[in-house]
Structure formats: structure tokens, C-alpha cells
Amino acid sequence: MIVSVIGLGYIGLPTAAVLASKGIKVIGVDINSDIVNTINDGNVHIVEPDLHALVKDSISNGNLTATTKYEKADVFIISVPTPLIEEQKPDINFVKSAAEGIASVLEKGNLIILESTCPVGTSEHIVELMSSLRSDLSFPQNNKENKEIDVNFAYCPERVLPGKIIRELVNNDRIVGGITPDCAMNAKKLYEVFVKGSCFITDSRTAELCKLTENSFRDMNIAFANELSIICDKANIDTWELIELANKHPRVSILEPGPGVGGHCIAVDPWFIINSFPNESHLIQTSRKVNTQKTEYMIEKIKQTVSSTQKTIKDLSIACLGLSFKPNIDDLRESPAMEIADQVIQMGFNKVYLVEPNINEAPDLLKCNDVLLTDLDVAINSAEIIVILVKHKTFYNLKLSLLSDKIVIDAVGLMKLIKGKKGV
Ligand code: SAJ
């Protein structure tokens, strides 16, 4: 069996490498020739534990090859981006062009699996597109007379956590949504080659909404925590203590507040539902709003803190601890911490110290005079105001004594965690 994985990004490359590690011949296809060359050299263009070793092995034993051209295969897995464009509308053009590329090499008996996050109904839409391009083949949707189907199509969303992708690819349960039950059964057989979790079968529309539901659920739950954190701030109550105590109830499990929600999934996917169902998605829309407003609240809080010092901003220095969108990763995309740091830089402080232990150079957006990417000790020693934006493990050893004469604004509960560890 030959599997072709279209799109060698955060999901496609790990999927290709895991399949290849099971002895399957995998052809990875990507429009970016630099990425293709990097992979063919046995290297990787993304930071993800264990990925490099898997890719290196699969390239050297010949199970994995990368190319910019579509080639014949038995199974095609589409894992290309579906970004939001203006007015927060999802753009499925990369999926469409992958479908066109696959159509050019498609043969009777092939299976196509779509993994990209998509609006409900996309799979049916893509099947229609492919069947219009290949009228010589019978596709599941247009098979009204129940003729023999030449090509199978299923929607199987990825649900892996960045930082744990390889482990979760293998261990997580999968949702396999077929255009027909046979399509789902055939796709399930492929996942069973490497998935240790269970593969649950459904139709493609349910599987599409299931992916969007999972991330919207998390967004909504984080919004609850963020809303509580603002209420607590106003009421002068320690949010972290409140949540810890509320979570002692056997049926309460509140997530952690933060500076807002980042990344390319949780803050994005709810819009796929909102766009398709604007009049029905009240909670989902409100959650997006609450999480976005939490970032603005943090920026306001910093401004108010400056005013309360009775010093002019030019006489003050500030440190922002953490820039990535969540702890212990180097990914700065859609990061609320980056947005806050950017606003802080524009406020006109004497010096802005940025601490992000997972990167070596300040990102272009934040590069300017009076802004320094430094280590934790330098920042803490030099700044009067310390803003904690990400709960990186490397911050756990922060010496509380160094903070005694500082103004600390803690968006993530790091202080509570350190005090708890030290038994203060
Ligand atoms: N966050 C909080 N409080 C929390 C948990 C998270 O503020 O209690 C913030 C994080 O700091 C971050 C954002 O939410 O800014 C998202 O982080 P995350 O760890 O919740 O999720 P992602 O974006 O890394 O991965 C999510 C996962 N989805 C769910 O947990 C439902 C993952 O399983 C998906 O595969 C991934 O989205 C995706 O690709 O869709």
C-alpha cells in the first residue's frame, strides 16, 4: 500500500512519519520546495518532540519521500491549512487545490481522507468537485443508483496537542466520518494501522462538526475561567484560590484563566461554526468575545498600574515573562502574550525586557530600540513592573525575594504556584 499525505505541516508530517514507521510507503506532497528538500535530507521544519528521529529513520530506510508533485497512491490524506480570511471566514481553497491535484492522479479503488479542520458540509462539497473533474470514476455522493463506487471518501479530523503530537497521534481515539458507511469502514482500517485508541465511525458531517465542537467546548470553558478572573480582580478575590476551592466540588472542573486564548485552533475553529450558524451560536460567539476581551483587560490593567505608581512611564521599566501562546513551546502564532508585549512596547516605557526561554531572537514584530530579549534574572533585576504572561516551567524557580519591591501583574497564576511549592 502507498499512502500520499498532502500538506507536510504540523499534522501532515507527523502523520506521514508515523505511517512510514509502520512500514508503509509514504509519499509526502507539499507546495513548498524548501520544506520538501528539508524532509528529503532527513530534517524537519517544525519543533515537535520525537518527530525528527522518526522522519530521519523513515527517509533513510526509504519508506518516506517528499515531493512537490502529485503521484499515484492507494490512499490520499489531505492535511492542508484552512485559515480564516477577512470577517473571520474560513478559506478552504488549499483543500480544493489538494483535491484538484489528487483528481489528476486518482484511480479506481483509491481512498481519500480529509483531515483539515473544515466547515460542515466541506467533504460533500469536495466530493462533488472531484466527481466533476473525474466523470470517468463513480464517487459515493453521486452514486444515486447504487452503482459500484470507484473512490471512497472520509473526513477524519486530527485532535493532537502541539508538544505531544506523536504520542497523541498514536494513543488518541479517532472519529472517522464516511460519506457512506463503507467509506468510513475503509478509512478506519487505515487508522487501525497506527492508532492504539478506538476509531469511532460516523458520517462526514457529524465528524466535521465534532472537530469544531471539541475546540469550541475548550474555548467556552476557558472563557468561563477568564470571565471569573476579571470578576475576582474587581472583587479583590484571588482567582486561583477561588478556582482551586470550587474545583473541590465533585462535578466542577474549571480551567485556568490566562491572558486570552492563542494558537491556531481554539481561537480559530469556533469561527467555523459561527460563520455557518450565526443566529444559533450565541454561547460560542460570546466565548470568543470574552477571551478576546481578556487580552484587552490585561493591557488596560498594565496602563492602570502605571498610573497608580505616580511616576511617568518614561521613568519606568517593565518585564514581560513569556511570549508563546502556551507554556513550554516556541510557537508565537496568535499568541495573546505577543499582543500584550506589542502594546506594552508602544506605551513608551524606559526599557521593555522580554523573557522567552524557548526562542533565541526577539520576533521582528517586537524588535525595536529599548526592547531587550533577556534571561529571567536580568529582567527581574532591572524592571519595576513584572507582567507574567505564560506559565513556562523554567519560571517555576523564580526567587520570590527578588520580587518583594516589584509590582507584579500575574495573568497565569505563577505566583500562586510558586508560593504553593514553597509552602508559603
Ligand atoms: N488555555 C487557557 N487556559 C486553559 C487551557 C488553555 O488559557 O486552562 C489557553 C492556552 O494558553 C492557549 C490556548 O488556550 O493560549 C489553547 O491551548 P490548548 O492547550 O488548549 O490547545 P491547543 O490549541 O494547543 O490544541 C487544541 C487541542 N484541542 C482541545 O484540547 C479540545 C488539540 O487537541 C487539538 O488537536 C488542537 O487544538 C487542534 O489542532 O485543533
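This is a predicted model: local features need pLDDT of at least 70, side-chain atom pairs count only at pLDDT 80 or more; totals for chains, interfaces and linings use all residues.
Author: Residues are numbered from 1 along each chain as its sequence is written, and side-chain values use heavy atoms, with hydrogens and water left out.

Reader: Why is Thr122 called buried?

Author: Buried means under 20% relative accessible area, exposed over 50%, and partly exposed in between, with a 1.4 Å probe and protein chains only. Thr122 has 4% relative accessibility, so the residue counts as buried.

Reader: Why is Ser135 called exposed?

Author: The relative accessible area of Ser135 is 71%, and the cut-off for exposed is over 50%; therefore Ser135 is exposed. Ser135 is placed in the loop between helix 5 (122-133) and strand 8 (152-155). Helices (H or I, at least four residues) and strands (E, at least two) are DSSP runs, numbered from the N terminus.

Reader: What makes the pair formed by the side chain of Thr122 and the backbone oxygen of Pro119 a polar contact?

Author: A polar contact is a pair of N or O atoms within 3.5 Å; within protein, one must be able to donate a hydrogen and the other to accept it, and residues adjacent in sequence count only if both atoms are side-chain atoms.

Reader: Which residues is Thr122 in contact with, leaving aside its neighbours within four places in sequence?

Author: They are Ile92, Leu114 and Glu208, where contact means heavy atoms within 4.5 Å.

Reader: How do you know that Ser324 is buried, and which backbone oxygens lie at its side chain?

Author: Ser324 has a relative accessible area of 1%; the cut-off is under 20%, so Ser324 is buried. A polar atom of its side chain lies 2.9 Å from the backbone oxygen of Lys326 and 3.3 Å from that of Ile329. Beyond its neighbours within four places in sequence, Ser324 is in contact with residues including Asp331, Ser335, Glu356 and His392.

Reader: Why is helix 12 described as largely enclosed?

Author: Of the 11 residues of helix 12 (residues 336-346), 8 are buried, so the helix is largely enclosed by the rest of the structure. Its buried residues pack against helix 11 (282-308), strand 11 (317-321), strand 12 (351-355) and strand 13 (371-373). Ser335 caps the N-terminal end of helix 12, with a side-chain oxygen 3.2 Å from the backbone nitrogen of Ala337.

Reader: How do you know that the buried residues of helix 3 line one face?

Author: In helix 3 (residues 51-60), the buried residues are Leu51, Leu54, Val55, Ser58 and Ile59. Seen down the helix axis, they fall within an arc of 125°, so they line one face of helix 3; the arc is that of the directions from the helix axis to the C-beta atoms. The face turned away from the buried side carries the exposed residues Lys56 and Ser60.
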